[in-house]
Amino acid sequence: QVQLVESGGGLVQAGGSLRLSCAVSGRIVSVSDMGWYRQAPGKQRELVAGITSGGSTNYADSVKGRFTIARDNPKNTVYLQMNFLKPEDTAVYYCTARVLQTATVLWNSYWGQGTQVTVSS
């Protein structure tokens with residue numbers, strides 16, 4: 001069984017910062033691509049940032065220059081540093097990871113439970 005546990009969400013004023021973390025645990029062999037998505041009320045879930053096992057990154061245009069994604073491979077953990085937050089960044093943030101499981105030796109994608117980020121104006 002694979003679990004993704006997120007932490008670090010909360011309430012912050014516009015211009016402030018938050019750091020999200022997501023740790024992958026369970027009977028896993030390896031973790032490849034990891035990323036963060038977000039979903040605001042009434043909107044579709046959208047990609048915020050992604051990172052490969054080799055460290056290549058990609059970002060949504062709306063967060064470029066403000067958000068930074070990073071990972072700690074030995075800890076199977078991905079981070080999202082969010083600076084200069086805006087009210088429009090308010091959403092539930094979900095982490096995702098592509099995981100090779102020990103039992104099945106198959107790659108599957110998993111999601112965290114989501115963490116709320118609220119930015120007040």
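At 56% relative accessibility, Glu88 counts as exposed. In this predicted model, Glu88 sits in the loop that connects strand S8 (77-82) with strand S9 (91-101). Its C-alpha atom is separated by 13 Å from that of Arg66, a residue 22 positions away along the chain. The loop between S8 and S9 also contains Phe84. With a relative accessibility of 54%, Phe84 is likewise classed as exposed, since the exposed class begins over 50%. The backbone of Phe84 has a phi near 50 degrees, a positive value in a residue other than glycine.

A positive phi is also found at Asn76, where the angle is about 50 degrees although the residue is not a glycine. Asn76 belongs to the loop between strand S7 (67-72) and S8. Its relative accessibility of 22% places Asn76 in the partly exposed class.

The secondary structure of the chain consists of 11 strands and zero helices. Along the sequence, the elements therefore follow one another as β-β-β-β-β-β-β-β-β-β-β. The radius of gyration is 14 Å, close to the 14 Å given by the globule rule for 121 residues, so the chain is as compact as a globular protein of that length. Along the principal axes, the C-alpha atoms fill a box of roughly 50 × 25 × 20 Å. Of the 121 residues, 40% are buried. Among contacts with a separation of 6 or more, 56% involve residues 24 or more positions apart.

Ala49 is placed in strand S5 (residues 46-51) and is buried, at 0% relative accessibility. Beyond its neighbours within four places in sequence, Ala49 is in contact with Gly35, Trp36, Asn58, Tyr59, Ile69 and Leu80. Ala97 lies 48 residues from Ala49 in sequence, and their C-alpha atoms are 12 Å apart in space. Ser32 is found in strand S4. The relative accessible area of Ser32 is 16%, and this residue is therefore buried, the limit for that class being under 20%. When residues up to four places away in sequence are not counted, Ser32 touches Ile51, Thr52, Ser53, Arg71, Arg98 and Trp107.

A pair of aromatic rings is described by the distance of the centres and the angle of the planes. The chain contains one aromatic pair, formed by Tyr37 and Trp111 in an edge-to-face arrangement, with 5.0 Å from centre to centre and 65 degrees between the planes. Tyr37 lies in strand S4 (residues 28-39) and Trp111 in strand S10 (residues 107-111), so the pair ties together parts that are 74 residues apart in sequence. Tyr37 is partly exposed, with a relative accessibility of 25%. Trp111 is also partly exposed, at 39% relative accessibility.

The side chains include 11 positive and 7 negative ones, and the centres of the two sets lie 4 Å apart.

Key: Residues numbered from 1 in each chain as written. Predicted model: local features only at pLDDT ≥ 70, side-chain atom pairs only at ≥ 80, totals over all residues. Heavy atoms only, no water. Helix = DSSP H or I, 4+ residues; strand = E, 2+ residues; numbered from the N terminus. Rg over C-alpha atoms; globule rule 2.2 N^0.38 Å. Buried < 20%, exposed > 50% of the residue type's maximum accessible area, 1.4 Å probe, protein only. Contact = heavy atoms within 4.5 Å. Lys, Arg positive; Asp, Glu negative; His and termini not counted. Charge placed at Lys NZ, Arg CZ, Asp CG, Glu CD. Phe/Tyr/Trp six-rings, centres within 6.5 Å; stacked < 30°, edge-to-face > 60°.
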